[in-house]
Structures are given as C-alpha cells and as structure tokens.
Amino acid sequence: MKKRILFCFAHPDDETFTVGGLLASLAKREDVETIVYSATLGDAGKCGNPPVCTKEELPHVRKKELEQATAILGVDHVITGIYPDGKLPEYEEQLVDSICHIIEQYKPSVVVTFPPHGISGHRDHQAIQRATYQAVKAMDHIVEQLYYVTVVGRPDRYGDPIENIDIVFTFTDEEAKKVRQALLAHRTQHLSVERVFPTVHHDSFHKFQNREYFIRAWSKESEPPYPF
C-alpha cells in the first residue's frame, strides 16, 4: 500500500516555494502518493507586471498555474478550496472541517503545513497551520505525523534556528530544475518569485542550496519512522 502525504497550504504557489524539492523527489517514488491542498485560489494576489490577466480572471488563472506547477513537480492529486484570499482567519472552523474531509478521503499518514509563524508572517499561512493542526488531532486515527516546513538562518525575520530542525531534506540539481520550472509556471506571481529567488531566470538557480527544512510538530509515536 502506498504511503500518502498531504500538503496543506493557503495559496497557489505556496507548494513550490516551500516543498517543491520534496515534491519533485517524491514523484520518483512508486511507493508514495502526494496530495496538495490550496485553501484559496489566490484571488487577492497580484496579476503580474505587466499584467498576465485581469483581476477578475485571477482566481481562474492561478488555479491553472497551480495545476501546471504541480504537474511539473509530479504531484498526484491537487485540491483547491474557494475560501477568500486574505481572510482565512475568519474561516478557521470551516477550514478544519475541509481538511478533515480531505484526510478522511485520502487517508494520509503524514501531513505537512506551515509553521505557526507562517514563514512570511502572512495571516493566511498562520490560519492554515492552526486549522491543519486541529484537523490532524481530530483525525489521529488516520494521520500518524504532522510536520512544519520552515526556513532557517533569518534571525531578524520569520524562521527557525537550525537546532529546532528535525529533518533537512536535500534534493538534486535535476529536482531543482523542476522547482525552477514550477516557480516560473506561477506567471502572475513572478514579482514574488523573483524577489525570493533572484536567480530563477538563470541556469545557476538553486533553492536554499537545494535544502528544505522540517520540524516535527506531532506524532503518534515517540520515535516515529522517517516521514518521507
């Protein structure tokens, strides 16, 4: 039976920014199935400069971008919610129910989401973390482990010290190329992509030295097996 891993995020592009390398790596595994959930369609985001679409078209376009990016990364299942972008804290109870439903349907043994600080401090990122945590605890007859994906080495900004990290996941240059392609698929969000990854348009691109960082937030066992 395949191991299923659910990734819960707030917006299209969160998946590539945070766990793109892990997703690209897991896509090569026949024993793993990945599910990406985006609670919103990113309708409060920017349309690009120059604009890729109108503001009215943005949710539809961002959904398509998410589908393209996750296809590049080899994700097995993509689920999108229609919660209003920028207002997830107002819908946390409903969000918990939505995530519980996804867990019931796909039965993941491992769930990954943002840390409490949301990496960027975004209120939606923080809300999806809280909702995911509550959903996992409510569905602990299915889920065995919960992890937060985070960043390190930013003491003046949101992030976590390296001593708090449980897993440093290293991915290959080949997988980094997939991440780069997936980032570029989020065309409407190119300003954010270019700000965080200035080399995204160059062959020298790398994502944090091809490392992604994870903190174990909860597990059934005191010494759980490797989650990925």
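Phe208 is partly exposed, with a relative accessible area of 34%; buried means under 20%, exposed over 50%, and partly exposed in between, using a 1.4 Å probe and protein chains only. This is a predicted model, in which local features need pLDDT of at least 70 and side-chain atom pairs count only at pLDDT 80 or more, while totals for chains, interfaces and linings use all residues. Residues are numbered from 1 along each chain as its sequence is written, and side-chain values use heavy atoms, with hydrogens and water left out.

- Phe208 lies in the loop between helix 6 (190–196) and strand 7; helices (H or I, at least four residues) and strands (E, at least two) are DSSP runs, numbered from the N terminus.
- Although Phe208 is not a glycine, its phi is positive, near 50°.
- Asn210 is in the loop between helix 6 and strand 7 and has a positive phi of about 60°, again without being a glycine.
- Asn210 is buried, with a relative accessible area of 7%.
- Arg211 belongs to strand 7 and counts as partly exposed at 34% relative accessibility.
- Not counting residues up to four places away in sequence, Arg211 touches Val168, Phe169, Thr170 and Phe171; contact means heavy atoms within 4.5 Å.
- A distance of 23 Å separates the C-alpha atoms of Arg211 and Ile128, which are 83 residues apart along the chain.

**Nonpolar core**

- The largest nonpolar core has 66 residues; such a core is a set of buried Ala, Val, Leu, Ile, Met, Phe, Trp, Tyr and Cys residues joined through side-chain atoms within 4.5 Å.
- Helix 3 (residues 92–106) gives the most to this core, with seven residues.
- Phe7, Tyr37, Val112, Phe214 and Phe228 have the most contacts inside the core.
- Leaving aside neighbours within four places in sequence, Phe228 is in contact with residues including Lys3, Ile5, Arg29, Val112, Ile167 and Phe214.

**Aromatic pairs**

- There are nine aromatic pairs, counted where rings of Phe, Tyr and Trp (its six-membered ring) have centres within 6.5 Å; planes under 30 degrees apart count as stacked, over 60 as edge-to-face and the rest as tilted.
- The ring centres of Tyr147 and Phe228 are 5.8 Å apart and the planes are at 55°, so this pair is tilted.
- Tyr147 is in strand 5 (residues 145–150) and Phe228 in the segment after strand 7 (211–219), so the pair links distant parts of the chain, 81 residues apart.
- Both Tyr147 and Phe228 are buried.
- One aromatic cluster is formed by Tyr147, Phe169, Phe214, Tyr226 and Phe228.

**Helices**

- Helix 4 (residues 123–138) has 16 residues and should span 22 Å at 1.5 Å a residue, and its end C-alpha atoms are 23 Å apart, which agrees; the expected span is 1.5 Å times one less than the number of residues.
- Among the buried residues of helix 4 are Asp124, His125, Ile128 and Val136.
- The axes of helix 2 (residues 58–73) and helix 5 (residues 173–185) come within 8 Å and cross at roughly 175°; axes are lines fitted to C-alpha atoms, for helices over the stretch in contact, and angles run from 0 to 180 degrees between N-to-C directions.
- Helix 2 and helix 5 are therefore roughly antiparallel, the word for angles over 145 degrees.
- Glu65, Gln68, Ala69, Ile72 and Leu73 in helix 2 meet Lys178, Val179, Gln181, Ala182 and Ala185 in helix 5.

**A cis peptide bond**

- The peptide bond from Asn49 to Pro50 is cis, with omega near 0°.
- Pro50 is in the loop between strand 2 (32–40) and helix 2.

Key. Parallel < 35°, antiparallel > 145°, perpendicular 65-115°, else oblique.
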